[in-house]
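Reader: I would like a close look at one part of this chain. Please keep it brisk and tie the part to its surroundings.

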Amino acid sequence: MGEMSTRGAIARQQGDGWEGVYQHFDSYPTVLGKKIWQQLHNGYNMDIERFLTESIDQHPGGWSSYPDRCYCHWEGREENDPPMTMTNRDADPLSIEWVYALAPQAKMMAIFATENVTKKPPAGVNSHHCESSRTIHLDGTEETDPESWYVHRLIKVIRLDGPEPNWDAIEEG
């Protein structure tokens, strides 16, 4: 199977939120979550700070496909191209479907997924608002979708120094 444009972020936990960089292809847990886990355990010997420095701070242009292709070191990148950094306050949940926020001291990784909710999120929660819509089907029946919002919902917190999680189960929610 080829790569899919399932967008995400590799991030550093910052207080109650996170800061990170864009990741374009295959950001779902069975690919990106597993790659982060493997990199931490095999390539970085659990040095989470070094992983974050090299994966985020040294790659502000973000990733096409982590860890093989970044946007900041590829030919064709313009010097004035903006960084592809984001935080929990400005990442659009409709565009960033998965977020992996690592907490080095706690040796934990929080995994967030986009969720569609029909109740307006509280003030301060970043969301993408969608107006209600009406669909008319070919058979003439009509359907109204309620007004909704997309938000990042915490779906799992994993211990990075524990056993490897079941990525399929995390992805299924």
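The part I have in mind is the loop between strand 2 and helix 1, where S27 is found. Which residues does S27 touch, not counting residues up to four places away in sequence?

Author: This is a predicted model, in which local features need pLDDT of at least 70, side-chain atom pairs count only at pLDDT 80 or more, and totals for chains, interfaces and linings use all residues. Residues are numbered from 1 along each chain as its sequence is written, and side-chain values use heavy atoms, with hydrogens and water left out.

Read along the sequence, the pattern is β-β-α-α-β-β-β-β-β-β-β-β-β-α. The C-alpha trace spans about 60 × 40 × 40 Å along its principal axes. Of the 173 residues, 39% are buried. Buried means under 20% relative accessible area, exposed means over 50%, and partly exposed lies in between, for a 1.4 Å probe and protein chains only. Take the contacts in the chain with a separation of 6 or more: residues 24 or more positions apart account for 63% of them. Contact means heavy atoms within 4.5 Å.

Now the loop. Strand 2 covers 17-23, and S27 sits in the loop between this strand and helix 1. S27 has a relative accessible area of 0%, so it is buried. Your question has a direct answer: with residues up to four places away left out, S27 touches T6, R7, G8, L32, W98 and Y100. The S27 side chain also reaches the backbone oxygen of Q23, at 3.3 Å. That is a polar contact: a pair of N or O atoms within 3.5 Å, where within protein one must be able to donate a hydrogen and the other to accept it, and residues adjacent in sequence count only if both atoms are side-chain atoms.

D26 is in the loop between strand 2 and helix 1 as well. Its relative accessible area is 9%, so D26 is buried. Phi of D26 is near 50°, a positive value in a residue other than glycine.

W98 leads on to the end of the chain. E171 lies in helix 3, residues 167-172. The side chains of E171 and T30 make a polar contact at 2.5 Å. E171 has 30% relative accessibility, so it counts as partly exposed. From E171 to D16 is 155 residues in sequence and 23 Å in space, C-alpha to C-alpha.

Helix 1 (residues 29-43) packs with helix 2 (residues 48-57) at an angle of about 120°, and their axes are 10 Å apart. Axes are lines fitted to C-alpha atoms, for helices over the stretch in contact, and angles run from 0 to 180 degrees between N-to-C directions. The two helices are therefore oblique to each other. Angles under 35 degrees count as roughly parallel, over 145 as roughly antiparallel, 65 to 115 as roughly perpendicular, and the rest as oblique. Helix 1 brings I36, Q39, L40 and G43 to meet I48, R50 and F51 in helix 2. M46 has its place in the loop between helix 1 and helix 2. Phi of M46 is near 65°, again a positive value in a residue other than glycine.

T87 contacts W18 and E19, leaving aside neighbours within four places in sequence. T87 and G17 are 70 residues apart in sequence, yet 7.3 Å apart in space, C-alpha to C-alpha. T87 has 13% relative accessibility, so it counts as buried. A polar atom of the T87 side chain lies 3.0 Å from the backbone nitrogen of R89. The side chain of D90 reaches the backbone nitrogen of T87 at 2.7 Å. D90 is found in the loop between strand 5 and strand 6 (98-103).

Definitions and conventions
Helices (H or I, at least four residues) and strands (E, at least two) are DSSP runs, numbered from the N terminus.
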